[in-house]
Amino acid sequence: MNFGALILEQKLSTSTSSPRGSCEGGKGVTCESYHPEKGILNGNETCDTAEYSCFVLWKDNVNERNETFYIVLKKGCFQVSVNEAFRDCKDDCIQNPNYDAFRSHNVSGFCCCNIHMCNRNFTPVYYTESTTTMATTDMSTASAGDRSDRVAIVVACVMFVVLAVCMTVGVIYAYKSKCFKSKYDPADPEEKEPPGPELDISGLHFEQMVGQGRYGSVWRCYLKGEVVAVKVFPPGHRGTWESEREVYEGQLSHPSILKFYFATQRQQSYGPEYLLVTEYHSKGSLLQYLKCNTVTWQEMCSLGHSLSSGLAYLHNDDNNEGKPCFVHRDISSKNILVSPNITCVLSDFGFAMKMPEIGATKGSDDIITEVGTLRYMAPEVLDGAVNLRECEASLKEIDVYAMSIVLWEVGMRWSDIYGNEPVPDFRPPFEAELGSSITSEDIQDYVARQKKRPGFPDVWKHNHPGLRTLKETIEDCWDQDGDARLSALCVKERFSELLKDYPDGLVVSSSGNPVQKVLQNYPTSHSQSLSSVNSPVSNAPPIIATYPWVDKSSSNSMTMTTV
């Protein structure tokens, strides 16, 4: 994207508030910051000097009811070039026609302002674009020598671009036999060949938007009397639509993989929209479900088993001949759906990749190592230290790490362990340790450098084998060393054992302590010895109305112990 004479000078900042700088040579205004590519979704940043202002970049979009809404692309600090002083910024962030250079198929509007947090809100302005010739006295009196200098600079730039293109082609050819490249294509999607004839979707009726993501929206629709989900990609995201479509069309058939019906496109007044039609799950994402519901032991094990089973199938851990291997690369509770039977269904394959692929350039290596959701990124991703010489193994390990964070989220909503006491409210990973708004620097320092993970409640400390196996499984999946992590297939087998050995979970019975019941049902092969197993039970406290390991004094809050 060419921003002309505008100089965007952006920076990541962990500050949450700061007064506007008013002294000459001091700090500038404080602006609301939004840089999704750097993990900053709701932050503030203080501009370097008083010459800087706040800005907002946004994109227009139109829904089915022909209503226009706006998608914010970036917010932060910037400075206007001294040669463009006529592009001044006001107190309010109102779209300025002087910034027509920003208007493209990806950016609809730009505004700037120069007071504290003035870019929190912005006002679009509709006007007729026209070509205007602007000339100043200096430009009209420029000498022939100055014009010659400018021509020389333009020629040099063109030669540099041609040389860079040739070098890039050479690098791609040299690495053709190594690793693979990302399915994401940063080129202009309109330059690609059309995908083929459009399907007849006259019977597809859009009812309600049920979700909005970074690359599109999800709708509940009716198709020939059946309820389906339709993911709609706007014109600028055809490459992401094609990547996800290719994964769904890659011979995937598993209960824990979202069922795919077909892909097509439809023409709108503002350009083509790209559609993926899949099965519909009314319970929504796992993130939505955990916010509103707790889970029993059986439900927790079923969610863990189905999630690991789907990922093992995606990774082809069974080495089934003829079935391709994929890596997901963006596993999070938001990208997992919940079936009517309370099992996990993997979805959102926009970043998924088929293994193996042909060679990758350095640029695509950067894409490989940096995609994903911030709270679920493995330490090697945060540090930029992914081993690309063994791409398949490395990217599978990254998926397993992200799965462990999801398993932790599910475990935090396990109700059985609290007995009759209330279960603490849902909290996202690392919120207890780092707060509700975290930056990439925060999570990189905590996870990659300090080697810490989300904490477990104190009620998880008790030494009954089922709980111990579950906790060890999660910890083995988020090991700092990717090579030491379990495979998804191994995690599936562990959950199978938990469901087999403890079909009723950790149940309080009138005949004895719940810890005693778990130990009696647990096979001796899984314990150290009968004497060591029975030793803690002999000192168990008397039976009470609820679980003896629940701390009543802190029933409404969750004491966390970090790893």
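This is a predicted model: local features need pLDDT of at least 70, side-chain atom pairs count only at pLDDT 80 or more; totals for chains, interfaces and linings use all residues.

Trainee: Which residue forms a salt bridge with Glu 380?
Mentor: Arg 485 does. The closest N and O atoms are 2.8 Å apart. The pair links distant parts of the chain, 105 residues apart. Arg 485 is in the loop between α11 (465–477) and α12 (488–501), while Glu 380 is in helix α7 (residues 379–382).

Trainee: And Arg 485, buried or exposed?
Mentor: Buried, with a relative accessible area of 7%. The cut-off for buried is under 20%, so Glu 380 at 13% qualifies as well.

Trainee: Why would such side chains pair in the first place?
Mentor: Opposite charges can pair when the charged atoms come close.

Trainee: How many salt bridges does the count come to?
Mentor: The count is 16.

Trainee: What about Lys 461 and Asp 458, how far is N from O there?
Mentor: The N to O distance is 3.4 Å, and the two side chains meet in a salt bridge. Lys 461 is exposed at 56% relative accessibility. Asp 458 is partly exposed, with a relative accessible area of 30%.

Trainee: Where do Arg 494 and Asp 476 sit?
Mentor: Their side chains form a salt bridge, 3.2 Å from N to O. Arg 494 lies in helix α12 and Asp 476 in helix α11, 18 residues apart, so to speak of the pair is to speak of a link between distant parts of the chain. Arg 494 has a relative accessible area of 22%, which makes it partly exposed. Asp 476 is partly exposed too, at 28%.

Trainee: Which residues are linked in a network?
Mentor: Glu 32, Lys 75 and Arg 120 are, through salt bridges.

Trainee: Switching topic. How many disulfides does the structure hold?
Mentor: Five. One of them joins Cys 47 to Cys 77, with 2.2 Å from S to S. The torsion about that S-S bond is -90°, and the link of Cys 47 and Cys 77 is left-handed.

Trainee: What does the link between Cys 47 and Cys 77 tie together?
Mentor: Parts that are 30 residues apart in sequence. That is because Cys 47 lies in the loop between β2 (40–46) and β3 (53–62), and Cys 77 lies in strand β4 (residues 68–78). Cys 47 and Cys 77 are both buried.

Trainee: Next one. How far apart are the sulfur atoms of Cys 93 and Cys 111?
Mentor: They are 2.1 Å apart, and the two residues form a disulfide. Cys 93 lies in the loop between β4 and β5 (109–113), and Cys 111 is in strand β5, so this pair ties together parts 18 residues apart in sequence.

Trainee: Left-handed or right-handed, for Cys 93 and Cys 111?
Mentor: Right-handed, because the torsion about the S-S bond is about 95°. Cys 93 and Cys 111 are both buried.

Trainee: Which residue does Cys 113 join?
Mentor: Cys 118, in a disulfide with 2.1 Å from S to S. The torsion is 90° about the S-S bond, and the link of Cys 113 and Cys 118 is right-handed. Both Cys 113 and Cys 118 are buried.

Trainee: Last topic, the inside. Which residues touch the most other members of the largest nonpolar core?
Mentor: Leu 286, Leu 307, Ile 336, Phe 349, Met 403 and Trp 460. That core has 85 residues. Its largest share comes from helix α8 (residues 391–411), with 12 residues.

Trainee: And which domains does this core draw from?
Mentor: At least three residues come from each of domain 2 (204–211 + 220–279) and domain 3 (284–355 + 371–501).

Key
Residues are numbered from 1 along each chain as its sequence is written. Side-chain values use heavy atoms; hydrogens and water are left out. A disulfide is a pair of cysteine sulfur atoms within 2.5 Å. Helices (H or I, at least four residues) and strands (E, at least two) are DSSP runs, numbered from the N terminus. Buried means under 20% relative accessible area, exposed over 50%, partly exposed in between (1.4 Å probe, protein chains only). A nonpolar core is a set of buried Ala, Val, Leu, Ile, Met, Phe, Trp, Tyr and Cys residues joined through side-chain atoms within 4.5 Å. Domain bounds come from an automatic or database domain assignment. A salt bridge is a side-chain nitrogen of Lys or Arg within 4 Å of a carboxyl oxygen of Asp or Glu.
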